[in-house]
Amino acid sequence: MAMAHAGTSSSMAAATVGLLPSVSTTKFTSCLALPNLPVQPRASAASFSTHFKGIADSRRLSSLQIKATSTDETSPSVDAGELFNDLKGKWDAVENKSTVLLYGGGAIVAVWLSSIVVGAINSVPLLPKIMELVGLGYTGWFVYRYLLFKSSRKELAEDIESLKKRIAGTE
């Protein structure tokens with residue numbers, strides 16, 4: 001039986017190779033082969049009933065899916081003219097228009113330059129993985145330092161409020 005299976009699979013592989021388009025082997029230096037899957041033993045009646053219960057539970061849970069919808073009554077319509085007039089009024093209220101344009105242009109240039117730097121870092125072979133580890137380590141430290149304990153969460157909230165006041169100029 002094993003010999004018949006091996007002969008069948010080799011003839012199927014030959015037929016499959018004949019159906020695939022020809023590809024130059026000079027571009028590819030490695031060969032990918034899928035391993036043979038092991039044969040599963042026959043299930044007993046007890047394991048079948050357990051498996052059937054799992055299927056029944058998953059079907060029951062899949063019928064409990066919730067779909068969120070929106071009605072026209074709750075979603076306000078956005079008037080483009082009203083939005084434009086509101087933005088125009090806010091722009092007219094700005095005193096230093098040149099400063100706002102300078103900051104906006106600087107932000108666009110900063111995003112563009114950071115995109116170039118990230119692309120350059122990503123092209124170095126091991127550096128992206130090292131940066132992921134650094135980010136994971138910093139995230140772990142931040143969670144431990146500021147989010148894990150109640151007193152440190154209060155400290156973080158106070159620091160954020162202080163930063164907001166400094167940025168707004170009310171401090």
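Keep in mind that the model is predicted. The chain has six helices and zero strands, so if you walk along it from the N terminus the pattern reads α-α-α-α-α-α.

**The surface**

- Look for a nonpolar patch on the surface made by Val109, Trp112, Leu113 and Ile116. Together, these residues have about 400 Å² of accessible area.
- Trp112, one of the patch residues, sits in helix α4, which covers residues 97-123.
- Is Trp112 buried or exposed? Its relative accessible area is 54%, so Trp112 counts as exposed, because the cut-off for that label is over 50%.

**Aromatic rings**

- Searching the whole structure turns up five aromatic pairs.
- One of them is Tyr138 with Phe142: the ring centres are 6.5 Å apart and the planes meet at 35°, so this pair is called tilted.
- You'll find both Tyr138 and Phe142 in helix α5 (residues 127-147). They are four residues apart, or about one turn of the helix.
- Phe142 is partly exposed, at 27% relative accessible area.
- Now try Tyr144 and Phe149. Their ring centres are 6.0 Å apart with the planes at 80°, so this pair is edge-to-face.
- Of these two, Tyr144 is exposed at 52% relative accessible area, while Phe149 is partly exposed at 45%.
- Ring pairs also link up into a cluster, whose members are Tyr138, Trp141, Phe142 and Tyr146.

**Salt bridges**

- Some background first: side chains of opposite charge can pair when their charged atoms come close.
- How many salt bridges does a search of the whole structure find? The count is two.
- In one, the side chains of Arg145 and Glu155 meet with an N to O distance of 3.0 Å. Arg145 belongs to helix α5 and Glu155 to helix α6, so the bridge ties together parts that are ten residues apart in sequence.
- Arg145 is partly exposed, with a relative accessible area of 30%, and Glu155 is partly exposed with a value of 30% too.
- The side chains of Glu161 and Lys164 also meet in a salt bridge, at 3.4 Å from N to O. Here both residues lie in helix α6, three residues apart, which is about one turn of the helix.
- Glu161 is partly exposed at 40% relative accessibility, and Lys164 is partly exposed at 49%.

**A buried serine**

- Ser152 is part of helix α6, which runs over residues 150-168.
- Why does Ser152 count as buried? Its relative accessibility is 6%, and buried means under 20%.
- What does Ser152 touch, if you skip its neighbours within four places in sequence? The contacts are Arg145, Tyr146 and Leu147.
- Zoom in on Arg145 here: its backbone oxygen is 3.5 Å from a polar atom of the Ser152 side chain. Arg145 is also the residue whose side chain forms the salt bridge with Glu155.
- Tyr146, another contact of Ser152, is a member of the ring cluster in the aromatic section above.

Key. Residues numbered from 1 in each chain as written. Predicted model: local features only at pLDDT ≥ 70, side-chain atom pairs only at ≥ 80, totals over all residues. Heavy atoms only, no water. Patch = residues over 30% accessible without salt bridge, like charges linked within 9 Å, V, L, I, M, F, W, Y side chains within 5 Å. Areas by Shrake-Rupley, 256 points an atom, 1.4 Å probe, with all protein chains shown as cover. Salt bridge = Lys/Arg side-chain N within 4 Å of Asp/Glu carboxyl O. Helix = DSSP H or I, 4+ residues; strand = E, 2+ residues; numbered from the N terminus. Buried < 20%, exposed > 50% of the residue type's maximum accessible area, 1.4 Å probe, protein only. Polar contact = N/O pair within 3.5 Å; in protein donor to acceptor, adjacent residues only side chain to side chain. Contact = heavy atoms within 4.5 Å. Phe/Tyr/Trp six-rings, centres within 6.5 Å; stacked < 30°, edge-to-face > 60°.
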